[in-house]
Amino acid sequence: MPLPFLFELIGFGVGLLFGSFLNVCISRLPEHESVVTPRSRCMSCGHPVRWYDNVPVVSWVVLRGRCRDCGAGISWRYPAVELAVAVWFAAVIVQAPDDLKGFFGSVPSFILNPGLTTQTVGIGVLGFLLIGLMVMDWQTQRLPDAFTLTGIGIGFVLTCVQAFFLAPGEGDIVLNTAHQLRLSSPGSFQAQGNVFLTGTEALVLGRVAAIAGAALILLVVRWTYKALRGRDGMGLGDVKLLAMIAAFLGFGETLLALFVGVMAAAVYGVVLLAQKKAGRETKLPLGSFLAAGGLFAALCGPAVVGWYLGLLR
Ligand SMILES: [Zn+2]
């Protein structure tokens with residue numbers, strides 16, 4: 001019997017390390033700098049960060065948020081991002097199917113479920129990208145292609161891997177199910193309806209349509225705004241961000257992410273207006289809110305979309 005929460009704990013630890021790397025991306029990508037070299041330095045005195053001052057969360061607490069050399073403040077963003085990715089990875093494993101969390105003999109059982117594992121890894125990667133984009137858009141009003149376009153590619157490739165591992169007949173779209181065909185001999189054959197798309201085709205083609213559809217929704221909003229107001233109201237980064245969410249999650253969850261993101265942005269805007277901190281020309285970091293909507297849709301989406309489709313029946 002392995003430790004309880006073993007997989008969740010591993011996810012949390014790995015998340016801290018990925019969060020540490022995400023901090024580097026957040027600091028450097030909007031400035032078009034390499035995320036590999038040079039080593040991390042203090043923003044004030046330029047002294048390279050020692051390895052023992054680079055332990056996620058712990059170092060920041062030990063140093064009380066100050067540089068060891070010059071005493072300049074280190075933003076709470078660093079431990080916050082590390083913790084956020086750690087909590088995200090743990091949460092993804094908590095809500096993953098139980099089939100993935102155990103051992104088959106000495107082999108971790110997620111190895112035996114490549115399709116489900118790919119899906120779970122995808123949600124982990126999506127969270128990493130969305131947390132990064134959320135912070136970058138908030139601080140710099142930039143959504144780097146290195147995250148959005150790369151994310152669309154990763155999401156689509158993972159979908160193809162998932163489609164490859166579908167069981168025969170799983171996810172098939174069958175038309176005309178009233179039509180039955182039965183051959184009892186030889187080789188007893190039975191078919192119900194005509195397969196319109198196999199599960200693999202439906203998943204891959206559906207995802208292509210979802211990516212294009214998500215981009216199109218925001219492009220239409222962008223064009224409409226420009227036609228009415230004569231200037232750009234929304235960046236192309238927001239368009240690519242929503243397409244990225246679609247690449248990982250599909251169309252239904254993307255609509256949920258858009259809805260949640262726009263509502264959150266609207267509430268925030270109204271609060272700013274009420275406090276007289278914003279006027280008609282204030283630009284909200286829409287990408288940050290879309291990213292937050294994407295995080296919500298990734299964790300709670302299947303439940304919410306299922307509940308909503310149930311209402312329509
Ligand atoms: Zn310093």
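Before going on, the ground rules. This is a predicted model, where local features need pLDDT of at least 70, side-chain atom pairs count only at pLDDT 80 or more, and totals for chains, interfaces and linings use all residues. Residues are numbered from 1 along each chain as its sequence is written, and side-chain values use heavy atoms, with hydrogens and water left out.

Back to the site. Cys45 sits in the loop between helix H1 (6-28) and helix H2 (58-62), and Cys70 in the loop between H2 and helix H3 (77-95), so the pair ties together parts that are 25 residues apart in sequence. Helices are DSSP runs of H or I, at least four residues, numbered from the N terminus.

How exposed are these cysteines? Cys42 is buried, at 15% relative accessible area. Cys45 is partly exposed at 36%. Cys70 is also partly exposed, at 39%. The cut-offs: buried is under 20% relative accessible area, exposed is over 50%, partly exposed is in between, with a 1.4 Å probe and protein chains only. As for disulfides (cysteine sulfur pairs within 2.5 Å), the structure holds zero.

Next, His32. His32 is in the loop between H1 and H2. His32 is exposed, at 72% relative accessibility. Its C-alpha is 8.6 Å from that of Pro144, 112 residues apart along the chain.

Now helix H5, residues 145-164. H5 has 20 residues and reaches 28 Å from first C-alpha to last, close to the 28 Å expected. Expected span is 1.5 Å times one less than the number of residues. Its buried residues include Phe147, Ile152 and Leu158. The buried residues of H5 pack against H1, helix H4 (114-140), helix H6 (199-229) and helix H7 (236-249).

Last, Ser288. Ser288 is in helix H9, residues 286-312. Ser288 is buried, at 4% relative accessibility. Leaving out residues up to four places away in sequence, Ser288 touches Met134, Asp137 and Trp138. Contact means heavy atoms within 4.5 Å. The Ser288 side chain reaches the backbone oxygen of Met134 at 2.8 Å.

How values were computed:
Helix = DSSP H or I, 4+ residues; strand = E, 2+ residues; numbered from the N terminus. Polar contact = N/O pair within 3.5 Å; in protein donor to acceptor, adjacent residues only side chain to side chain.
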